[in-house]
Amino acid sequence: MFLAPSNQTKVKYLKMTLNRFILIGLSMYFLAVLQGAGFGSGKKSFQLPEHPKATHPPIFEVQKRSDIVEKFPCTKCHSDVQKKKNSYKKAHPTIVWNHGNLKAKCSTCHDEKDPGTFKALDKKVSIDESHNLCGVCHFSQKRDWQGGAHGKRTTGWNQKRVIKPCTSCHNPHNPLFPKKRPVIKATPLPN
Amino acid sequence: MIQIMEKAKGFFKSSINQITNSSPDSSRRSLLKKAISSVGILGSGGLVSCFNKDGTDKTPGDKNFSSYLKKNFRLMTEKEKISSIEKLRTNFYKKYGADVHISSDDAPENTLFGYAFNISKCKGYRDCVKACVEENNQDRESDMQYIKIFEIDKKSNSLSLGGADSQYSHEVPAGNSFYMGTQCFQCENPPCVAVCPVGATWKEKDGITVIDYDWCIGCRYCQAACPYWARRFNWSEPKIEKEEINKDQHYLGNRLRKKGVMEKCTYCVQRTRKGKNPACMDACPTGARIFGNLLDPDSEISYILKNKKVFRLKEDLGTEPKFWYFMD
């Protein structure tokens with residue numbers, strides 16, 4: 001048997017719910033006022049200091065290749081290098097060209113008129129800034145190298161940043177790292 | 001015993017030192033016996049509760065803490081630090097006839113060390129492993145190594161190290177595989193520290209977890225607790241040729257260990273606290289390893305965390321390792 005509520009009880013319920021809403025609303029208002037005045041939660045909310053922003057572009061120095069390469073520039077010994085045409089291939093028999101599937105001539109990167117310098121899309125590039133030449137194609141690697149995710153750092157973590165240029169690690173004619181046996185035997189993990 | 005004295009657990013240790021007048025050279029087990037007896041003197045109830053509570057907020061000025069121990073503890077003075085290092089130097093001279101430099105450099109200000117490892121650059125040459133062994137004076141007889149390089153088949157389509165080969169000796173890089181190095185990840189929430197029953201291992205302010213070899217009792221709880229296989233145990237007295245010993249040492253790092261103590265990678269604390277890079281990073285010929293200060297927004301490690309896709313090993317354990325892997 002189901003009982004339907006009378007009109008009187010309906011009104012009673014309505015009044016009760018209204019009262020409750022008013023009570024909750026008032027108490028919430030007071031709590032907010034108290035918290036604003038510094039009461040209530042005792043502790044102040046922790047705020048992280050603003051994170052310092054990285055300087056852009058990053059400050060670093062590139063190790064100079066011209067100081068490392070002993071026989072640079074070639075004109076140190078070969079004074080007549082510009083006179084002989086098409087003699088480069090004979091002069092460099094050991095160079096193997098294995099750079100991806102790229103079909104390139106010497107003159108794609110080397111400035112034949114000015115041996116010892118390079119050209120990146122007709123722009124002159126010195127031996128010390130090979131990143132400007134390699135970065136024409138390998139732009140994402142150049143970006144990571146500038147930022148710090150690629151390349152070899154030569155100083156310590158809190159010293160002046162000096163990084164090696166591309167051609168210090170990669171042979172530009174045959175850029176794949178060589179295969180070799182590991183330099184030390186691995187010890188099995190302890191049990 | 002140098003930096004540990006700044007830690008709450010250190011108070012307990014120096015209290016033992018004072019009560020029993022034991023030298024740092026006395027054997028660990030006799031020290032432990034003395035420790036147990038001195039606990040008896042002090043009243044074990046108080047000490048046990050000291051250990052059970054989180055000791056991080058215990059400072060020398062903490063009145064409650066000092067009232068437990070009735071001024072039977074004190075901090076190690078600068079003089080005592082120096083004398084304990086002098087003792088180590090003398091021992092070294094007696095044994096090897098040469099002088100050794102043991103530093104006790106504290107963690108640098110505003111520094112939290114982090115490491116990143118490029119899994120698309122590592123070729124598995126193990127130059128880092130070799131450099132690490134030479135730098136950190138590890139036992140040559142058992143060929144102890146902190147770093148492991150895992151060879152993972154690209155076709156396996158997973159990063160599970162269970163099926164990976166860490167003992168490879170063939171020419172690398174091998175056809176269709178990539179290489180992933182593991183070492184101590186210097187967790188922000190290190191489980192190895194939590195389980196140490198004597199407080200011989202703790203996390204330094206620069207985020208490096210270190211061991212005091214004079215306090216370690218060799219229970220190997222930490223080795224069991226570490227989810228990254230980072231800790232190593234000296235089953236015998238470590239043996240290194242005299243000429244091969246790295247004499248540039250740190251009290252909490254690569255100073256010579258003894259039989260029956262744990263040791264681990266400290267990101268080369270003797271180098272990094274002088275501003276250098278860890279030996280593994282300097283030795284890497286491919287530039288796959290990057291080390292730096294996480295709090296410095298200009299550091300390379302910050303660049304990597306901001307700009308590259310990074311992941312950590314066993315992230316779900318909540319250990320918060322400070323060692324990230326990334327790809328080109």
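**Figure 1. A salt bridge at B:Asp99.** With a relative accessible area of 43%, B:Asp99 is partly exposed, and its side chain meets that of B:Arg89 in a salt bridge with an N to O distance of 2.8 Å. The pair links distant parts of the chain, since B:Asp99 lies in the loop between α5 (78-96) and β1 (101-103) of chain B, whereas B:Arg89 belongs to helix α5 of chain B, 10 residues apart from it. B:Arg89 likewise counts as partly exposed, at 29% relative accessibility. As in every view that follows, the model shown is a predicted one.

**Figure 2. B:Glu188 and its two salt-bridge partners, B:Lys203 and B:Lys322.** In the salt bridge between B:Glu188 and B:Lys203, the closest N and O atoms are 3.5 Å apart. This pair connects distant parts of the chain, with B:Lys203 in strand β5 (residues 201-203) of chain B and B:Glu188 in the loop between β4 and α7 (191-195) of chain B, 15 residues apart. B:Glu188 also forms a salt bridge with B:Lys322, and here the closest N and O atoms are 2.6 Å apart. This second pair again links distant parts of the chain, 134 residues apart, with B:Lys322 placed in the loop between β11 (310-311) and β12 (323-326) of chain B. B:Lys322 has a relative accessible area of 2% and is therefore buried, the limit for that class being under 20%. By contrast, B:Lys203 is partly exposed at 24%, and B:Glu188 is partly exposed with a relative accessible area of 32%.

**Figure 3. A network of salt bridges in chain B.** The residues linked in this network are B:Asp212, B:Asp214, B:Arg255 and B:Lys258. Side chains of opposite charge can pair when their charged atoms come close. Over all chains, the count of salt bridges comes to 25.

**Figure 4. The surroundings of B:Ser166.** B:Ser166 is located in the loop between β3 (148-153) and β4 (177-182) of chain B, and with a relative accessible area of 11% it is buried. Its side chain is joined to that of B:Gln167 by a polar contact of 3.1 Å. When neighbours within four places in sequence are left aside, the residues in contact with B:Ser166 are B:Arg126, B:Lys148, B:Ile149 and B:Phe150, together with A:Ala186 from chain A.

**Figure 5. A nonpolar patch on the surface of chain A.** The patch is formed by A:Leu18, A:Ile22, A:Leu26, A:Tyr29, A:Phe30 and A:Val33, which together have about 630 Å² of accessible area. One of these residues, A:Leu26, is found in helix α1 (residues 7-36) of chain A. A:Leu26 has a relative accessibility of 45% and so counts as partly exposed, a class that lies between the 20% and 50% limits.

**Figure 6. Chain B as the setting for the views in that chain.** The secondary structure of chain B comes to 11 helices and 12 strands, and 57% of its 328 residues are buried. Of the contacts in chain B between residues at least 6 apart in sequence, 67% join residues that are at least 24 apart. The chain exposes about 14200 Å², of which 52% is supplied by carbon and sulfur atoms.

Key. Residues numbered from 1 in each chain as written. Chains lettered and ligands numbered in written order. Predicted model: local features only at pLDDT ≥ 70, side-chain atom pairs only at ≥ 80, totals over all residues. Heavy atoms only, no water. Patch = residues over 30% accessible without salt bridge, like charges linked within 9 Å, V, L, I, M, F, W, Y side chains within 5 Å. Areas by Shrake-Rupley, 256 points an atom, 1.4 Å probe, with all protein chains shown as cover. Salt bridge = Lys/Arg side-chain N within 4 Å of Asp/Glu carboxyl O. Helix = DSSP H or I, 4+ residues; strand = E, 2+ residues; numbered from the N terminus. Buried < 20%, exposed > 50% of the residue type's maximum accessible area, 1.4 Å probe, protein only. Polar contact = N/O pair within 3.5 Å; in protein donor to acceptor, adjacent residues only side chain to side chain. Contact = heavy atoms within 4.5 Å.
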